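Here is a walk through one structure, meant for someone meeting it for the first time. Have a look at the sequence and the model, then read on.

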Amino acid sequence: MRALHVLLVDDDEADALLVEEALEAAAVPPTVTRVTDGRQALDFLRRRGFFALARRPDLVLLDLSMPLMDGHQVLAAIKNDDDLRAIPVVMLSGSSAQDDVTASYRQHASAFVTKPMDWISFATAVRTISDFFQAAAAVPEPPATILPFRSRA
């Protein structure tokens, strides 16, 4: 069983560190790459610029409230892209507003998880997401990465 590769999209440093710590304690800790806004997330997923050689993630954990592009805009861009739409996206948000939940599922989020306020519940929720996608859910294999040819001359 290979470890998952998770793309964490969250602009809040404290929340991101909590997510990363919780994922480290998962049954099979995933590899985590973090970006801090929606534009970076799309550049990463589309392998543009700085992220040209990025490994395609098996799962995206996406915060809702971010600068530049919010989570709904990023989710819409992912699910409207033929090359990206099969990647599972879990909305991980401080919001529990029914409008946010409904909008996320209408945009084909795989799940919507409200960030619990206490550390133990927060860590349990994040580990449960990771363990589910690692052990119970089938995730699409990333396409083979073709590295650019480099001459040894």
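## Aromatic pairs

By the rule used here, this predicted model has three aromatic pairs. Rings of Phe, Tyr and Trp (its six-membered ring) pair if their centres lie within 6.5 Å, and planes under 30 degrees apart count as stacked, over 60 as edge-to-face and the rest as tilted. Phe50 and Phe51 make one of these pairs, an edge-to-face one, with 5.3 Å centre to centre and 85 degrees between the planes. Phe50 is exposed at 79% relative accessible area, whereas Phe51 is buried at 16%. (Buried means under 20% relative accessible area, exposed over 50%, and partly exposed in between, with a 1.4 Å probe and protein chains only.)

Phe132 and Phe133 also pair edge-to-face, at 5.1 Å centre to centre and 85 degrees between the planes. Here Phe132 is partly exposed, with a relative accessible area of 43%, and Phe133 is buried at 10%. Back at the other pair, Phe50 and Phe51 belong to one aromatic cluster together with Phe44.

A quick note on the ground rules: residues are numbered from 1 along each chain as its sequence is written, and side-chain values use heavy atoms, with hydrogens and water left out. Since the model is predicted, local features need pLDDT of at least 70 and side-chain atom pairs count only at pLDDT 80 or more, while totals for chains, interfaces and linings use all residues.

## The chain as a whole

Stepping back, the protein chain has five helices and five strands, in the order β-α-β-α-β-α-β-α-β-α along the sequence. Helices (H or I, at least four residues) and strands (E, at least two) are DSSP runs, numbered from the N terminus. Of its 153 residues, 42% count as buried. The accessible surface of the protein chain is about 8300 Å², and 55% of that belongs to carbon and sulfur atoms; such areas come from the Shrake-Rupley method with a 1.4 Å probe, and for residues only the protein chains shown count as cover.

What about contacts, meaning heavy atoms within 4.5 Å? Among those between residues at least 6 apart in sequence, 68% join residues at least 24 apart.

Which residues of helix α2 (residues 38-45) are buried? They are Gly38, Ala41, Leu42, Phe44 and Leu45. These residues lie on the same side of α2, because they cover an arc of only 160 degrees around the axis, taken from the directions from the helix axis to the C-beta atoms. The buried residues of α2 pack against β1 (5-9), β2 (31-35), β3 (59-62) and α3 (71-79).

Both ends of the helix have something to show. At the start of α2, a side-chain oxygen of Asp37 comes within 2.9 Å of the backbone nitrogen of Arg39. After α2 comes Arg47, with a positive phi near 55 degrees.

## A buried proline

Pro30 sits in the loop between α1 (13-24) and β2. Is Pro30 buried or exposed? Pro30 is buried, at 12% relative accessible area. Leaving out residues up to four places away in sequence, Pro30 touches Ala3, Leu4, Val6, Leu23 and Ser130. Leu4 is 26 residues from Pro30 along the chain, yet their C-alpha atoms are separated by 4.7 Å.

## Salt bridges

How many salt bridges are there? The count is eight, where a salt bridge is a side-chain nitrogen of Lys or Arg within 4 Å of a carboxyl oxygen of Asp or Glu. The table lists some of them.

| Asp43 | Arg48 | 2.8 Å |

In the Asp58 pair, Asp58 is buried at 0%, while Arg55 is partly exposed at 35%.

Asp63 is buried at 7% relative accessibility, and Lys115 is buried at 8%. Salt bridges with shared partners also join Asp63 and Lys115 to Asp10 and Asp15 in one network.

Methods. Contact means heavy atoms within 4.5 Å. A polar contact is a pair of N or O atoms within 3.5 Å; within protein, one must be able to donate a hydrogen and the other to accept it, and residues adjacent in sequence count only if both atoms are side-chain atoms.
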